[in-house]
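The points are grouped by topic.

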Amino acid sequence: MTAGLDAEPCKRPRLMMVAQPTGGSQEETGKALPHRDPEVKVAVGVVEQGNDDTCQTYRGDHRAPDANVERCPLCCYYFGNCYWPFIRVPWRGRPDGERSGECWRLCHLDCVRKLLFDSNDFGRGLSADAIETGFVQDLTKVLEWSPQLYRKAPHLRVCFEEQRLSRAAQGEPLPWPPPASPAPPLAAFSFEGLVEIRISACPALRKLPPEIGRIKGVKTLVMISTGLVELAAEVGQLHELEHLFLNGNFLRSLPASVGALPNLTELCLDANRVEYIPPLQSPYLKLITAPANHLTSLPPVASECIERIEAHGNALSSAVLPAALPCHPPQWDKIVSLKLMGNQIRELPAELANMSRLRIAMFSSNRLRELPACVASLGWLEWLFAYDNDLHDLPEGLLKGHRWLERVLLEGNPLSATATARLISNVREGGNIKLRALGLDEAQVRTCAEAAAGACDVGAWQVLPPCISVGKVVHVSGSGQYWMKLTRSSQLRRLENTPAVGEPGGPVSPSTSPARFLVVAFSASQGEPEWLGLLRRLWAQGQVRQGRCPNRGSLEDFFRSKDASSVEACTAALWSSCLRGQGAAPAGVGMATSTDGLASTPPLGLHSPSVDEGDGAVNELADFDVLSVVDHRMRWYSEDAASFSHTLREVARPYQQTLCLGASMGGFGALLHGGQIADVVVAFSPQANLLEACLRPPGVDPAALEALANSMFDSVRGAAARGARITVHTAADEHLLHALALPQEAVQITVHPLLPRKPFARLLDRAGVLMPIVCEAVAELLQRTSSVPLVGAARDGVADRFCVASWLAGGGCERYSAPPEKVLNLFFGPGAHPPRPGDWFCSKCHRRNMSAHFFCWSCGPQAPGANLLDVQACRIPGGQNFPRKGDWGCGNCGQAHCSYQLSCDRCGLAKEGGHPKTVIVS
């Protein structure tokens, strides 16, 4: 083998391996390379043809000092800026009798692949036997896992949740609990020239090898939902690293070398057990997120570019923002988001006065006794959440100095009557025209009203403005920092001149006179109250209809009716109801025109569908109560679960029926606690297999996460045994794997055929699909009494328990039943490419096109009707606002342009009159 390596190919330089005996200091001999005899150090020298006397040896590293002279030992070409990565390969010992053992050589990955799989001997009689057998097996496995290694921007992607879905699409069963995924072998950490490394859903990976520090050039390192208990200090050797994501592990600290990374831009440590973060010295740092950890202080930073700090759900007693370099403290003038809720903070940092661009300030569920006066002067502020603290007074003019302020939540504070009166006065003066919601509680309003009654005649009291939402704070005993607010749906945003709860002439509190049914709205991991806007619109409808998302039969029959045979044609058929010729255009969007005379229609409307749409009977919807629930500590509603469950049962006891809603973490909470109180549960993309979920709660160890998941499964089975209806909606992504882990006999699963770019429930709401789903759940709830289980929908046959949704142009969806293996093959099998919001399907060839393309990539711009604005083109709702009015696509070359570009930057043709096939949005 060695002779083959040293043989001289024609007209090419060759490399020689020189064995260096150990001895001397580490600086002289270098560190031992992986899989090597520590007594043998291998250096690489370049030998020009016919000049063996010029052989050089390099001590201390496996690479030459000048990278321009190092070459691949297989093809003998330089290691330059290539499209493919490099890999360190262990060659077998030299048979010259001088030394034995392995030696590591840097090679082109493509050359190694040709040697191993194409039997390319490079003209020197080389074979795969020249490489260590174990390494060959490991590399084969890595290449099978991550075909992205051969892309132009190569990256290593080992995502076991995707692999499970792919194997399931091929007919492999999905057992519970799932079999343990193997840890990536050492070959996965032997590359160079990668842009990104991503490993996820791998509990077996408990420690990164030291070789991670040799992967030079990597810019993104993602280790999500693994078993990491410590981070290798060698990560600090990745000097070009910009993005470090370590969410969902078991880390307790970070090595100091990570804090010294010079180019670090984003650091994410969500849901670990981190107690300490070293000083972060990168001047480019923009993002620090470390919610759901055990931090007692915020890390010192040296960057003046910080934009987001998220440290909710920790053990912070102080919010001091120290400087990593005391001689050059950060200015903090670029930060836009500061989330510190769910801690033990008593005082906000003085640096808050310098945060002139702060937009989101969330300090809920702490121990704050005052808000600094500077809060009133933060002119860019949009959200201010300071509920559940110990505030007695507020800064003067809190609501006056903010042009963009939209939401202010102050419930659960013992505000004085004077402070509350000032707030109400600020709202009445109308100085802030953008304020949409000011959250107060009954006690605050009642105290203010009583003080006003004592000062003057009660008749002088004015009804509170509609944007002030008033409800009752429900206190949860125990160690968990939960937030509960009980509100009548008509009080979420009241009609003009309608009094609020707690003020003179106002309605009775829902805690005193409950409505017929209760909606428990579980919030997701963002740590903010959710679902209130949707539920307010639901109450405003006044009616709900059953059958808003009907089952239309078999998916196979549906495809047969559409004459769809290929995977892409089947996917396009599911969106065939979203034709551009249906639905209403949203306000401000004009008609689409085409210079070739093609008929055009408005884009798909993103509006709430009419209550008249549907197959079932109409039910009158009276006022109902809403319990908003937030877990600020991101523990998936499991922290002190006994106290939380007890409070939830006491609140739900007087109601005839209960509906639980939630998405992601909120969906998990709805399933975990809804089994005890709910008649109907609707969960969107909940996590089920917590040990491998990309978003999960922190855990002491893997066994704790498995126990929590099993508790949720038991709750689901208990709810089904009581006759409750449990519906799970998921996109065609890894959340489908979690849905399939649920007890299939107890849930109904609906798969929506797309890959969302944003939180799934918000995407459904934007596309007009969420409201019909919730309306159908409420309609079913109204058809039952407290003692009669729901029949029909809750007792569907097995064939109806797993469905695929087909969205409708005016909002809503239809469902088609299919076996899980059929759906898995459709979305994760060979040739499967589910669309993203904004993508569109060509009406001619049914191929999927990205949202930025005006013309079908397969048909080309010259094909009649094969463009984004065609009447028969199916566009997926919920995408970005592109194209906008005036944007256009060149009919000659197909290039997309913005409205201000008057000529094509590719072929030079003019926007107006340049080509008859040019299409313009107008």
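Which side chains meet in a salt bridge at 3.8 Å, N to O, with E530 as one of the two? The partner of E530 is R762, and the two side chains meet in a salt bridge with N to O at 3.8 Å. The model is predicted. A search of the whole structure finds 33 salt bridges, and the structure also holds 14 aromatic pairs.

**Salt bridges**

- R762 belongs to helix α16 (residues 760–766), while E530 sits in the loop between β20 (517–522) and α9 (532–541), so this pair ties together parts that are 232 residues apart in sequence.
- R762 counts as partly exposed because its relative accessibility is 41%, whereas E530, at 13%, counts as buried because buried means under 20%.
- R422 forms a salt bridge with E396, and the closest N and O atoms are 3.5 Å apart.
- Helix α7 (residues 417–429) carries R422, and the loop between β15 (383–385) and β16 (407–409) carries E396, so the pair ties together parts that are 26 residues apart in sequence.
- R422 is partly exposed, with a relative accessible area of 22%; E396 has 62% and is exposed.
- E240 forms a salt bridge with K219, with 3.8 Å between the closest N and O atoms.
- A network of salt bridges links D110, R113, K114 and D118.

**Aromatic pairs**

- A pair of aromatic rings is described by the distance of the centres and the angle of the planes.
- The ring centres of F385 and Y387 are 6.2 Å apart and the planes stand at 45°, so the pair is tilted.
- F385 and Y387 are both buried.
- For W575 and W807 the ring centres are 5.1 Å apart and the planes stand at 75°; the pair is edge-to-face because the angle is over 60 degrees.
- W575 lies in the loop between α11 (567–574) and β23 (592–594), and W807 lies in strand β30 (residues 802–807), so the pair ties together parts that are 232 residues apart in sequence.
- W575 and W807 are both buried.
- One aromatic cluster is formed by W383, F385, Y387 and W483.
- Within that cluster's membership, W383 has R407 over its face, at 5.0 Å from the ring centre.

**A sheet and its helices**

- Three strands form an open sheet in the order β4-β3-β6, with antiparallel pairing.
- The edges are β4 (103–108) and β6 (191–192); each has a single partner strand, so one side of each is left without a neighbour in the sheet.
- Strand β3 (residues 86–91) pairs with β6 in the antiparallel sense over two bridges, and F86 stands opposite E192 in β6.
- Helix α3 (residues 109–117) packs on the sheet and touches β3, β4 and β6, its direction making about 105° with that of β4.
- Helix α4 (residues 133–145) packs on the sheet and touches β3, β4 and β6, with its direction at about 155° to that of β3.

Note on methods: Residues numbered from 1 in each chain as written. Predicted model: local features only at pLDDT ≥ 70, side-chain atom pairs only at ≥ 80, totals over all residues. Heavy atoms only, no water. Phe/Tyr/Trp six-rings, centres within 6.5 Å; stacked < 30°, edge-to-face > 60°. Buried < 20%, exposed > 50% of the residue type's maximum accessible area, 1.4 Å probe, protein only. Helix = DSSP H or I, 4+ residues; strand = E, 2+ residues; numbered from the N terminus. Lys NZ or Arg CZ within 6 Å of the ring centre and 35° of its normal. Salt bridge = Lys/Arg side-chain N within 4 Å of Asp/Glu carboxyl O. Pairing = 2+ DSSP bridges. Contact = heavy atoms within 4.5 Å. Axes fitted to C-alpha atoms, helices over the stretch in contact; angles between N-to-C directions.
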